[in-house]
Amino acid sequence: MRSFLLFLILTPFIGSAQSVKKCKQRFDSYLNFRGSLNSLVKFDNNSICIYHNGKKEFSLYTNELEMMAEFFEHTSLKQQTELLQQKGNKNYNKRQRDSLWIYVDDRKKLPKKRKGLPLEGYRVAIDPGHFSVSLDEGEIEGKYLYFALDSIRNGKDSVRIFESELSFLTAQILRKMLEEQGAKVFLTKNESNFTSFNCTYSSWFDKRKNATLDSLVEVGFLTVEKKNRLLALDRKRFFWEFFRDYDLLNRAKIINTFNPHVSAVIHYNVDEKNEPWKKTTKKNVTMSFIGGAFTADNFEKTETRINFLRLLLTNQLNSSEKISAQVTNQFSKLLQIPIAKPEDALYLKNNSMTLPSPGVYSRNLVMCRQINSPVVYGEALYQDNEKECIELMKRDIDKYGIRVNSRVVKCANAYMNGIAKFLKEL
């Protein structure tokens, strides 16, 4: 009885029944970057087969797809890894499929409709990108603007902007907006200069680095040789060779522990053609990313193949496109800037898959593939735009007791409008 009721509870969030045809459409639309997975994922009328190291590693059959979609969305990475190893190419019978229900966590079930606040019962995770709010850490992370303004007369003599500060301010405002509507909200950090480990990068480097590397050697994630090489690196090289991805993976991990119904990853962009960002640009566009665009080398890691299977089998990518389209449209409408076309940036043209929704692109970013929920990864505007950079430095508005500027408030409103509309439509 429990499995039948749980199926009824969970199915509306996933959507209509999965099929090989629907999975193939998702594969072609979001996942298969320039055909690079053609030899690794095979479809026929009744099955989907995953290949690794030249061998058929894992097969899914029509009668398993609905259950497997539930399993890969509502279980832990450890359970998914064990299934990948144990099932292999076997076609599970009904008893074996039903036995998987005991592992399914139903905390993502949709809340019951009430007459109270419109978002009551929904959980929203927010990840404010980056951590540097000082020139020292900005030099390490490379996510800041600091240059003289010799061509714009505005009473200021320089531009000084840290993306982490803007992202965190946006997240704070967005959290208040969502909570007013009844949503439960989780932020991946508590301060603008914190990493996801709720301390600064400098503090983590000085106090936690050695113990962390030792523990990773203990569990077999690192070799002793790799650990010793990392220990010899300075702060900047250590960040780029280890900590950046380690922090991103932890952000996704703590988001997944929260079991959100939707996640927002907040970023602000720059004009790549304006590098090294020592002057302003006239260009300004808005965009959002979702998961997908896998390449053959991604299949080397078991965890990445599991992420691929979850995105292939569930409706998370379809839902991510819907919410991202709504947020991107709101960015454009509220900020009065155009939506990005593929030719606006090399990473859109060369590293992303263009989708039917304008300004939304499938891109194989760590957060987009690791987060286990529909996700919008927003890049609201170009910070180095000649007008934006002036506005973004202002703190002339008090919103929920937070000193901020109108551009950040409009970005928070864009996320809010898109998220609320998406959740209400569920």
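Q: Over which residues does pLDDT stay under 50?
A: Happy to start there! This is a predicted model, and pLDDT stays under 50 over residues 1-16. For that stretch the model has 32 contacts beyond four places in sequence. The protein as a whole averages a pLDDT of 91, and 94% of the residues score at least 70.

Q: How many aromatic pairs are there, and how is a pair described?
A: In general, two aromatic rings are described by the distance of their centres and the angle of their planes. Here the count comes to 28 aromatic pairs. Take phenylalanine 58 and phenylalanine 72: their ring centres are 6.4 Å apart and the planes stand at 80 degrees, over the 60 needed, so this pair is edge-to-face.

Q: Which parts does that pair tie together?
A: Phenylalanine 58 belongs to strand S3 (residues 55-61) and phenylalanine 72 to helix H3 (residues 65-73), so the pair joins parts 14 residues apart in sequence. Phenylalanine 58 is buried, at 0% relative accessible area, and phenylalanine 72 is buried at 0% too.

Q: What about tyrosine 144 and phenylalanine 162, stacked or edge-to-face?
A: Stacked: the centres are 6.1 Å apart, with 20 degrees between the planes. Tyrosine 144 lies in strand S5 (residues 144-148) and phenylalanine 162 in strand S6 (residues 158-162), so parts 18 residues apart in sequence are tied together. Both residues are buried.

Q: Where does lysine 87 lie?
A: Lysine 87 lies over the face of phenylalanine 58, 5.3 Å from the ring centre. The charged end of lysine 87 also sits over the ring of tyrosine 92, 5.4 Å from its centre.

Definitions and conventions. Residues are numbered from 1 along each chain as its sequence is written. This is a predicted model: local features need pLDDT of at least 70, side-chain atom pairs count only at pLDDT 80 or more; totals for chains, interfaces and linings use all residues. Side-chain values use heavy atoms; hydrogens and water are left out. pLDDT is the predictor's confidence in each residue, from 0 to 100. Contact means heavy atoms within 4.5 Å. Rings of Phe, Tyr and Trp (its six-membered ring) pair if their centres lie within 6.5 Å; planes under 30 degrees apart count as stacked, over 60 as edge-to-face and the rest as tilted. Helices (H or I, at least four residues) and strands (E, at least two) are DSSP runs, numbered from the N terminus. Buried means under 20% relative accessible area, exposed over 50%, partly exposed in between (1.4 Å probe, protein chains only). A charge sits over a ring if NZ of Lys or CZ of Arg is within 6 Å of the ring centre and within 35 degrees of the ring normal.
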